[in-house]
Amino acid sequence: MADLAPADNLLEAGRLLFARPFVFIKGCVRIDDLPPMDRLEIAFAGRSNVGKSSLINALTGTTGLARTSNTPGRTQELNIFEAADAPLRIVDMPGYGFAQAPKPKVEAWTRLIHAYLTGRATLRRVYVLIDGRHGPRGNDISVMNELDKAAVSYQVVVTKADKPSRGDLQKAIAATRAGIAKRPAAHPELVVTSSEKGEGIETLRAEIARLLEH
Ligand code: GTP
Ligand code: MG
């Protein structure tokens with residue numbers, strides 16, 4: 001169930017964009033490690049375990065491209081993915097919030113997330129992932145506040161839509177909608193996805209293709 005019904009040409013552009021073979025380029029632990037700002041970037045942000053890496057795998061159709069885990073805190077660097085002829089770079093981010101990793105490490109990657117999200121000129125859009133089981137939590141609000149303040153465009157993606165009951169999913173979607181209303185840098189529509197079942201993936205590909213049109 002997706003909120004958006006992209007036009008056929010955008011769906012096709014999205015399909016073609018992600019038909020390219022995306023590969024892992026590098027993991028960055030410092031801003032200085034990032035590649036040169038030679039193309040547009042999209043980044044996937046969200047609480048630990050929300051499904052960021054799984055969503056990148058679903059979008060690129062490549063199981064195991066981004067490493068996933070049941071244990072919150074799997075992704076600990078800014079992981080960069082590119083396709084040779086693709087006009088954009090994908091950035092998988094460490095999660096914020098609870099993570100099963102040592103405190104100094106979590107603090108270091110929290111600083112890295114902040115620096116990247118608010119200081120990267122080529123960052124075209126951030127996808128802020130929110131769990132379809134419960135809607136926005138405190139950390140999600142903080143990150144959206146930060147993006148609004150820095151005027152960085154973002155769109156909310158609801159994840160794990162296959163997990164909750166239909167009623168609970170509807171509640172989480174309503175809470176998420178309420179959470180983005182009137183936010184200046186937020187895309188007004190959200191995309192509801194399940195990386196597991198493939199729901200919303202074509203829509204999200206089309207949304208990303210749309211970004212590259214302008
Ligand atoms: P960190 O890197 O630790 O911040 O986590 P992450 O946000 O990258 O989450 P990840 O993709 O590693 O997924 C976390 C867990 O949720 C894994 O066990 C995934 O299999 C599971 N998961 C992710 N997406 C979905 C989904 O759409 N449906 C279901 N049922 N499980 C999912
Ligand atoms: Mg991850």
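Strand 5 (residues 123-131) and strand 6 (residues 154-159) run parallel in this predicted model, joined by 6 bridges. Asp131 finds its bridge partner in strand 6 at Thr159.

Next, the aromatic pairs. The model holds 3 of them. Two are listed here, including their geometry.

| Pair | Arrangement | Centre to centre | Angle between planes |
|---|---|---|---|
| Phe18 and Phe22 | stacked | 5.7 Å | 25° |
| Phe44 and Tyr127 | stacked | 5.4 Å | 20° |

Phe44 belongs to strand 2 and Tyr127 to strand 5, so this pair ties together parts 83 residues apart in sequence. Both Phe44 and Tyr127 are buried. Phe18 is buried too, at 4% relative accessible area. Phe22 counts as buried at 3% relative accessibility.

Now the metal site. The magnesium ion (ligand 2) is coordinated by Ser53 through OG and Thr75 through OG1, at 2.0 to 2.2 Å. Ser53 lies in helix 2 (residues 52-60), while Thr75 sits in the loop between helix 2 and strand 3 (78-82), so the two tie together parts 22 residues apart in sequence. Ser53 and Thr75 are both buried.

How values were computed. Residues are numbered from 1 along each chain as its sequence is written. Chains are lettered from A and ligands numbered from 1 in the order in which they are written. This is a predicted model: local features need pLDDT of at least 70, side-chain atom pairs count only at pLDDT 80 or more; totals for chains, interfaces and linings use all residues. Side-chain values use heavy atoms; hydrogens and water are left out. Two strands pair if DSSP finds at least two bridges between them. Helices (H or I, at least four residues) and strands (E, at least two) are DSSP runs, numbered from the N terminus. Donors are N, O and S atoms within 2.8 Å of the metal (3.2 Å for Na, K and Ca); water is not among the atoms, so sites may look incomplete. Buried means under 20% relative accessible area, exposed over 50%, partly exposed in between (1.4 Å probe, protein chains only). Rings of Phe, Tyr and Trp (its six-membered ring) pair if their centres lie within 6.5 Å; planes under 30 degrees apart count as stacked, over 60 as edge-to-face and the rest as tilted.
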